[in-house]
Amino acid sequence: MAVRPSELIPRLAANDASLIEINLTDNATYQMKSADYTKQLVDALSNNDQLKRLTLSKLNITDQSVSLLAELLKTNKSIVYLDVSHNKFGTAGLIAIAESLKSNTTLIELSVIGQSQPFGEAGLQKMTEMFDFNVTLQKINWRLHSRQSFALNKLISRNVDINRRIQAGQKLDDYINLVPRARKADFGVPEDYIAGEAGASGGVTTGISGEAGASSGVSVGIVSEAGASGGVTTGITGETGAPVGVTTGEGEKQENQE
């Protein structure tokens, strides 16, 4: 029996503790009123701190609707997985997501593959800039045909490395060089130290450190679409400092073109 959005939304609004995962993939009822249901869903989730995984794939979600979801991500503290793959948004929607992830500290995995229009360079640049603030996003499921894929790969790898070191109980001194300047204060670094660091570097930091290359076997967060299975994704594993391409759905490695 198909899931009814009209039954799920009130439970989300009530912060139902038993509802920690929702999958509305290809839901015919949702598709007929995609914009309306997306707005209702976002409103219901505004005070929800129980939902962990949200899958909204193949639901005709547009730039306008995904922008509503992006606004939710700015303040949401519970969702760790968001799948908005195979919808109808493009660069504008991706930019909205990028802006929201600057302040999000919860989302670990994002799937945006299979949109009806390709992401432009402006959207990818905003995603790159987002990592000057975000240290929690560790996996993106998408397909890129851009020179920016290499830089994005390294930034996701950096986040994976930071979180691996935190989970291993390493001292702050062991990974603070990986943390972007905008987030150092959140890790307890004194403001005067941050200001001095900015002055020494001319005020420009990327959050990518060459020392990260010393750590091998880090799972890179950009993943490929796994054939026709839709819900299966696989990661790319390699040394953090090594050039890693983006794997396409056919399993080919896309290297950066000069």
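Me: Let's start with rings. How many aromatic pairs does a search of the whole structure find?
Reply: The search turns up 3 aromatic pairs. Rings of Phe, Tyr and Trp (its six-membered ring) pair if their centres lie within 6.5 Å; planes under 30 degrees apart are stacked, over 60 edge-to-face, and the rest tilted. One of these pairs is Tyr175 with Phe187, edge-to-face, with 6.2 Å centre to centre and 75° between the planes. Keep in mind that this is a predicted model, where local features need pLDDT of at least 70, side-chain atom pairs count only at pLDDT 80 or more, and totals for chains, interfaces and linings use all residues. Residues are numbered from 1 along each chain as its sequence is written, and side-chain values use heavy atoms, leaving out hydrogens and water.

Me: Where do Tyr175 and Phe187 lie in the chain?
Reply: Helices (H or I, at least four residues) and strands (E, at least two) are DSSP runs numbered from the N terminus. Tyr175 is in the loop between helix 7 (148-167) and helix 8 (181-184), while Phe187 is in the loop between helix 8 and helix 9 (191-200). They are 12 residues apart, and the pair links distant parts of the chain.

Me: Is Tyr175 buried or exposed?
Reply: Buried means under 20% relative accessible area, exposed over 50%, and partly exposed in between (1.4 Å probe, protein chains only). Tyr175 has 8%, so it is buried. Phe187 has 21%, so it counts as partly exposed.

Me: What sits over the ring of Tyr81?
Reply: A charge sits over a ring if NZ of Lys or CZ of Arg is within 6 Å of the ring centre and within 35 degrees of the ring normal. Here the charged end of Arg53 sits over the Tyr81 ring, 3.9 Å from the centre.

Me: What does Val112 touch?
Reply: Contact means heavy atoms within 4.5 Å. Not counting residues up to four places away in sequence, Val112 touches Val84, Ser85, Phe89, Ile97, Phe119, Ile140, Asn141 and Trp142.

Me: Which residues of helix 5 are buried?
Reply: Gly93, Leu94, Ala96, Ile97, Ala98, Ser100 and Leu101 are. The buried residues of helix 5 pack against helix 4, strand 4 (109-111) and helix 6.

Me: Polar side chains next. Where is Ser78, and what lies by its side chain?
Reply: Ser78 is in the loop between helix 4 and strand 3 (81-83), and at 2% relative accessibility it is buried. A polar contact is a pair of N or O atoms within 3.5 Å; within protein, one must be able to donate a hydrogen and the other to accept it, and residues adjacent in sequence count only if both atoms are side-chain atoms. For Ser78, a polar side-chain atom lies 2.8 Å from the backbone oxygen of Leu51.

Me: Last one: which phi value does Asp26 have?
Reply: Most residues other than glycine have a negative phi. Asp26 has a positive phi of about 55° although it is not a glycine. Asp26 lies in the loop between strand 1 (21-23) and helix 2 (28-32) and is partly exposed, at 45%. Asn60 also has a positive phi, near 60°. Asn60 is in the loop between strand 2 (53-55) and helix 4.
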